[in-house]
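Here's a quick walk through one protein model, with an eye to what sits inside it. Have the sequence and the 3D view open as you read.

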Amino acid sequence: MKEIVSLRLDNEMDLMLANKRAMKMCELTGMTIIPQTTIATAISEVARGAIEHGKQAELILAIDQESNRKYLKAIVRDSVDFISKSSESMAYARKLSHDMEIIKMPPAYRVILKYPLAFGGTFTDLRIKSFVEYFKNEPPLSAYDELKKKNLLLHELSEQLRLSEHQYKNLSDTLPVMMFSTNEWGVINFTNRWLKEFLGEIPRDLSYISWEQFLHEKDYDRFATEFENVLQRKAGTEGQFRFKHKNGQYFWHLISIVPNKNEKGQSTSWTGFIVNVHDQKVAEETARRNEQLQQAQKQLYRNQEDLERRIIDLNRSNYELEQFAHIASHDLQEPLRKIFFNSDVLQKKHAASLDQNAQRMLHGMTAAAGRMKELINDLLSYSQLNQQTLIMENVNLNEVIDSVLKDFELTIADKSATINVGQLPLIVGNVNRIRQLFANLISNSLKYVKTETAPVIDISAETSNGSVSVRVRDNGIGFDAEYKEKIFGLFERLHTRNEFPGTGIGLAICKRIVEMHNGTIAADSIPGEYADFEVTLPVEPSAQV
């Protein structure tokens, strides 16, 4: 069946149009005036019932070719049962019709009128098209007919637009991309479902204020600048930003805003696309970090090679130091012993034959040799610290201090010194090195005293967080704060040998002993008032070799 023309049946005016269109259809198919009138009347009767008792009735005129027979078909249909309520009209139409079929199958109620055609030849597609074109382009039969046609055209356009919008929305909802469009002022008037499903709600417009809650704070300023440019320059933009999912997580997206322009090239609206590029961004960041890691590894290898070279140099230096210690302990000691022996013989057996100047020179030579011996012994002590493996054991600090003070009994008595020793804890360490450490500190406190002032030395300890801090504080001459790090260096002296004897190695030995016990040593002082040394040691250190 090929449809030629259709007509909505709403009122009496449509009944007139139905009659005239039926007459014209009969005429186009070659019928004479009498059959035209009969058929048109039958169709009008059915149409009348549909108008009176139907809801949205429609008349369709068509041509049907079955084998070698041809028919004119008139179909009146509606979604409600207009047939049962139009019995008189249906009965009259049946009298006028050769073939009338009634179908009641909700939701489609139809009356089909079928008339055989004596038309010679075939209804070709071209002829059928000419029939369709005729009704489409025929002059309106009345003002109502013209209005009806325009209204029908409007309905068709509206349906096409609705269908187009529906298809567009379906398409936009199918694509895995967030989409939106705006009017000329930037107000969002369309979004697909992906945008709301991701953000949880829809921004109002293209203003950065409307989008603030959906952006990572580090991207907000850049995003605001881009949106301002879009509205001010009436142009598009593109950029990567972190948008917040409705669950609170941030994901990288590429947003593109494209202007829609009219025939004059003016931007009248915008369309936006937001694509998830998080995995790509993460991959790029991972690649960048891998590159940085490779660079760091290369630098680590270079540092390791440099460290290995330094270790080789250090081992060589240690070996040379050991050789020096061997020479100092044997070869240098022998000439000093001869100097001391000869000086002693000269003083005992030939003192009477030496004048005063020669005796003074002999005394200076002996003193210089003594300083040389003291320096060699101190250097030996320092070098031996690195050559020995420490044997760790329980050390009673009170016993260590008592032993040191006994060694200094004569000096303490000679200087009328007062030594105050508090209760000291047990630690784990090397007893000989711990004794050497505190012997050097107490020796310094007894040495660097103010003129005509009896030394007072306070030794106390505190234990906390697995470590013990032992303080040795005196009332001596002290030193400037700028030297509190420098004094622990080798050969560092703050006074001349005429003022205070010594080699400047004692505190360097103290620092090395503390380091071998994984501890620290610090100094504090006010010149002319006091010097305070604090030794901090782990309660159970692991010794350095």
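## The big picture

First things first: this is a predicted model. The protein has 15 helices and 17 strands. Of its 545 residues, 36% are buried.

How much of the contact list comes from residues 24 or more positions apart? Counting contacts with a separation of 6 or more, such pairs account for 61%.

In soluble globular proteins, nonpolar side chains tend to be buried together. Here, the largest nonpolar core holds 40 residues, and L9, V46, F82 and L113 touch the most other members. Helix 2 is the top contributor, with eight residues.

Leaving out residues up to four places away in sequence, F82 touches V46, G49, A50, H53, G54, V76, R77, M90, Y109 and V111. There's also a second, separate core of 38 residues, with L424, F438, V470 and A523 among them.

## Helix 3, side by side

Helix 3 spans residues 87-96, and its buried residues are S89, M90 and A93. Why do they end up on the same side of helix 3? Because they cover an arc of only 95° around the axis. As background, an α-helix has 3.6 residues a turn, so residues three or four places apart point the same way.

What do those buried residues pack against? Their partners are helix 2 (33-53), strand 4 (99-105) and strand 5 (108-116). M90, one of the buried residues, is also on the list of residues that F82 touches.

## The cavity

Rolling a probe the size of a water molecule over the atoms shows where empty space is left. Searching the whole structure turns up one cavity of 30 Å³ or more. The largest cavity contains about 40 Å³ of space.

Which residues line the largest cavity? They are F223, E226, F227, T237, E238, G239, F241 and I255. Helix 8 (220-233) and strand 8 (237-244) are the elements that give two or more residues to this lining, and strand 8 gives the most, with four. Sorted by class, the lining has four nonpolar, two polar and two charged residues.

Methods. Residues numbered from 1 in each chain as written. Predicted model: local features only at pLDDT ≥ 70, side-chain atom pairs only at ≥ 80, totals over all residues. Heavy atoms only, no water. 1 Å grid on protein atoms, 1.4 Å probe; cavity = no way out; pocket = protein on both sides within 12 Å on 5 of 7 lines; lining within 4 Å. Points joined across faces, edges and corners; volume = space filled by probe spheres on them. Nonpolar A, V, L, I, M, F, W, Y, C, P; charged D, E, K, R; others polar. Buried < 20%, exposed > 50% of the residue type's maximum accessible area, 1.4 Å probe, protein only. Arc of directions from axis to C-beta. Contact = heavy atoms within 4.5 Å. Core = buried A, V, L, I, M, F, W, Y, C linked by side-chain atoms within 4.5 Å.
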